[in-house]
Amino acid sequence: MNTQNLPVLEEIWQTTLGWQPDEIQQKKFQQLYEEILVGNRQLNLTRITEPDEFWDKHLWDSLAGLSGLGIANELEKQQKISAIDIGTGAGFPGVPIAIAFPFWQVILLDSTRKKISFLSSLATKLDLNNIQNIVGRAEEIGQNSLHRETYDLAFIRAVGDVSVCAEYTLPLLKIGGLAILYRGHWSDRDNLSLQSAANKLGGNIERVIELITPLSKSIRHCIYLRKILPTPSPFPRAVGIPAQKPL
Ligand code: SAH
């Protein structure tokens, strides 16, 4: 297969996020791109396959979600953070985050077994030993004592409505933990529904950041939800209910 090279764009990484991949990380980004193109032949992993677009909408976007934390600061601390990516699909934002933060433990959760099998073999090929994969539904994992209230960070991109995202993420966080919702456009109405759902789940909207992707100039919003109180035990509700009857 004639795979193209991803752009490197060190300067853009540096000016936008105050961080840039080292040589090993750059190589892993390239391998990730190649593995996804191969996997795409069998699985419906992503429609974003052009090198520039992949860099912009998958790699940069995944890491830009952490800009509210300060990527460079987080890397300096070298803390062992435990993070979960809910509905990770082809591994976004979880895999680029695991590559950028080798000290973090990143759990990739998806309900589709085939996607998780793909990610598990990808993690081996890329030598990413800080990744663990789980096949399951957010509604079940959130009620499982091995996972409930155990994570420092929870990411969620392109999985559902804002209040569904709150119900999937908040139960999994420790008190003081942070959910990061990756969104496109963001309205006052979104803000109101999210705040109302978050109130029921022990969360609070701490910050909303607007971002523009560097190459395609697409609009993005990152919503930071802080867990301030324990999530009441009925949440998350049974499989399918959060999406059918959003809070
Ligand atoms: N986060 C990825 C994929 C988004 S597609 C990205 O942004 O590219 C949504 C993914 O969420 C699908 O792979 C689907 O299987 C998974 N998903 C949907 N509902 C889920 C649930 N309740 N629990 C776990 N995974 C779920």
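## About the model

Welcome to a predicted model, in which local features need pLDDT of at least 70 and side-chain atom pairs count only at pLDDT 80 or more, while totals for chains, interfaces and linings use all residues. Residues are numbered from 1 along each chain as its sequence is written, and side-chain values use heavy atoms, with hydrogens and water left out.

## Where the ligand sits

The ligand sits in the largest pocket. On a 1 Å grid over the protein atoms alone, a pocket is an open set of points with protein on both sides within 12 Å along at least five of seven lines; a molecule sits in it if more than half of its atoms lie within 2 Å of its grid points.

Around the ligand are 16 residues, of which Gly87, Phe92, Asp110, Ala138 and Arg157 come nearest (near means a heavy atom within 4 Å). This shell has five nonpolar, six polar and five charged residues; Asp, Glu, Lys and Arg count as charged, and Gly is among the polar ones.

A polar side-chain atom of Arg157 is 2.6 Å from an oxygen atom of the ligand, and one of Lys115 is 2.9 Å from an oxygen atom of the ligand. Gly87 takes part through a backbone N or O atom, 2.8 Å from a nitrogen atom of the ligand. On its own the ligand has 580 Å² of accessible area, and the protein covers 81% of it (Shrake-Rupley method, 1.4 Å probe).

Most peptide bonds are trans, and most residues other than glycine have a negative phi. Between Phe92 and Pro93, however, the peptide bond is cis, with omega near 5°. Pro93 belongs to the loop between strand 1 (82-86) and helix 5 (94-100); helices (H or I, at least four residues) and strands (E, at least two) are DSSP runs, numbered from the N terminus. Another cis bond joins Phe235 and Pro236, with omega about 0°, and Pro236 is in the loop between strand 7 (219-227) and helix 10 (241-244).

Asp127 is not a glycine, yet has a positive phi of about 60°. Its loop runs between helix 6 (113-125) and strand 3 (131-135), and Asp127 is exposed at 54% relative accessible area (exposed means over 50%, with a 1.4 Å probe and protein chains only). Ala158 also has a positive phi of about 60°. Ala158 is in the loop between strand 4 (151-157) and helix 8 (162-169) and is exposed, with a relative accessible area of 74%.

Definitions and conventions. Polar contact = N/O pair within 3.5 Å; in protein donor to acceptor, adjacent residues only side chain to side chain. 1 Å grid on protein atoms, 1.4 Å probe; cavity = no way out; pocket = protein on both sides within 12 Å on 5 of 7 lines; lining within 4 Å. Buried < 20%, exposed > 50% of the residue type's maximum accessible area, 1.4 Å probe, protein only.
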